[in-house]
Amino acid sequence: MTTIDIDALLDAPESRVIVCCGSGGVGKTTTAAALALRAAERGRQTVVLTIDPARRLAQALGLRELGNHPKQVQVEGFEPKGELWAMMLDMRRTFDDMVRVHAGPERAEQLLQNPFYQTISTSFSGTQEYMAMEKLGQLAATGEWDLIIVDTPPSRSALDFLDAPTRLSSALDGRMIRLLTAPAKAGGWGLRKVVNAGFSMFAKAVSTIIGGQLLTDASAFMQAFDSMFGGFRERARKTAELLRSSGTSFLVVAAPEPDALREASYFVERLSAESMPLAGLIANRTHPVLAKLSGSEALAAAESLEEGDTNAPLAEAVLRLHADRVELAAREERLLARFTRAHPEVALAKVPALAGDVHDLDGLRDIGVKLAG
């Protein structure tokens, strides 16, 4: 089993983008923030793009208000060799900003006020993933930071993140524009055809905009959107190129649990199929054994205390807890060994579970130290 050299990854001048991905609830956001903090303290000009961080983590980064633009982390006593900037993705504002930049003032206003646009900009499956990629492209284009660390959205499937740009641009393709910008030809039949073709956008839109107004709004939206459509797809293509470039690395984050590791396996295989550079797997919230006493020895000692004359309930409870910990650690090691056998080329890093939530920079720094081994 190869171990990820986290510090080498963070320090390498050619490392420009690190993407933390994996299924929901495995600690991607905290991992991304800890990596960014460590990179800044080691001298990199770093920005971390977070997705819906817990309140305590946001406060640790100085993000007490939702910000769609990077803000420098300036906390008393925090004096990194480089700089640490952080932002939280605001999906709707990112979409709005994209429209304003690429559609021109008059057409932008038409789009922003359109009820159909207001529906897809918040409800369409894949919009958050696409907007995370849109924001990544914007950050990379500025050249202000030499390392961008990205926390990916909590999707039903980790694969949604890679598919989103293509799925969103394909949904808004020329075929749909032709259907919706020709009301006399399309009418209700055209709309039904689109719905039957499986465009989930319409299912959500129908529940929000009632009656025949839907077709009118959708048609007006498509006519206005058509002028900026080329740029929309071009940016999706450039972002895909950025994700495949030699300066980008993917870190798959997973808890040592069957479902999370199964999802991680799918993601590893997909990254390989898409020729995207994988740095390794971070096994988060593991439970290593901190004492040499075996589980069977701990149980035997606990039973001896229980049956003997010694009244030591606390010692007995500690011994039984240790036995449970040994069993849990062994289970996690079996699961990780199975993953490693299936993917021997994937490097691994383990991060022990913490006693509580991360709520300050010291907590993030501690995770960074554990990530680096």
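## Sheet, pockets and selected contacts in a predicted model

Eight strands form an open sheet in the order 3-4-2-5-1-6-7-8, and their pairing is mixed. Strands here are DSSP runs of E with at least two residues, helices are runs of H or I with at least four residues, and both are numbered from the N terminus. Two strands pair if DSSP finds at least two bridges between them. The structure is a predicted model, in which local features need pLDDT of at least 70 and side-chain atom pairs count only at pLDDT 80 or more, while totals for chains, interfaces and linings use all residues. Residues are numbered from 1 along each chain as its sequence is written, and side-chain values use heavy atoms, with hydrogens and water left out.

At the edges of the sheet are strand 3 (71-72) and strand 8, each of which pairs on one side only. Strand 1 (residues 17-21) and strand 6 (residues 248-254) run parallel and are joined by five bridges. Cys20 has Leu251 of strand 6 opposite.

### Pockets

A pocket is an open set of points on a 1 Å grid over the protein atoms alone, where a 1.4 Å probe fits and protein lies on both sides within 12 Å along at least five of seven lines; lining residues have an atom within 4 Å of a point. Grid points are joined across faces, edges and corners, and the volume is the space filled by probe spheres set on the points.

The largest pocket holds about 580 Å³ of space. It is lined by 27 residues, and those closest to its centre are Val26, Gly27, Lys28, Thr30 and Arg285. Two or more lining residues come from each of helix 2 (28-41), helix 3 (55-60), strand 7 (278-286) and strand 8 (348-352). Helix 2 gives the most, with four residues.

The second largest pocket has about 310 Å³ of space. Among its 16 lining residues, Glu134, Gly137, Gln138, Ala141 and Arg235 lie nearest the centre. Helix 4 (91-103), helix 7 (127-142) and helix 13 (229-244) each give two or more residues to this lining, and the largest share, seven residues, is from helix 7.

### Aromatic pair

One aromatic pair is found in a search of the whole structure. The ring centres of Trp85 and Trp145 are 5.9 Å apart and the planes stand at 70 degrees, so the pair is edge-to-face. Rings of Phe, Tyr and Trp (its six-membered ring) pair if their centres lie within 6.5 Å; planes under 30 degrees apart count as stacked, over 60 as edge-to-face and the rest as tilted. Trp85 is in strand 4 (residues 83-88) and Trp145 is in the loop between helix 7 and strand 5 (147-151), so the pair ties together parts 60 residues apart in sequence. Trp145 counts as buried, at 7% relative accessibility. Buried means under 20% relative accessible area, exposed over 50%, and partly exposed in between (1.4 Å probe, protein chains only).

Leu261, in helix 14 (residues 258-273), is buried at 6% relative accessibility. Not counting residues up to four places away in sequence, Leu261 touches Ala254, Ala255, Pro256, Leu281, Leu335, Leu336 and Phe339, where contact means heavy atoms within 4.5 Å. The C-alpha atoms of Leu261 and Leu335 are 7.9 Å apart in space, and the two residues are 74 residues apart in sequence.

Thr29 lies in helix 2 and is buried, with a relative accessible area of 15%. Beyond four places in sequence, Thr29 is in contact with Thr50, Ile51, Pro53, Leu57 and Asp151.
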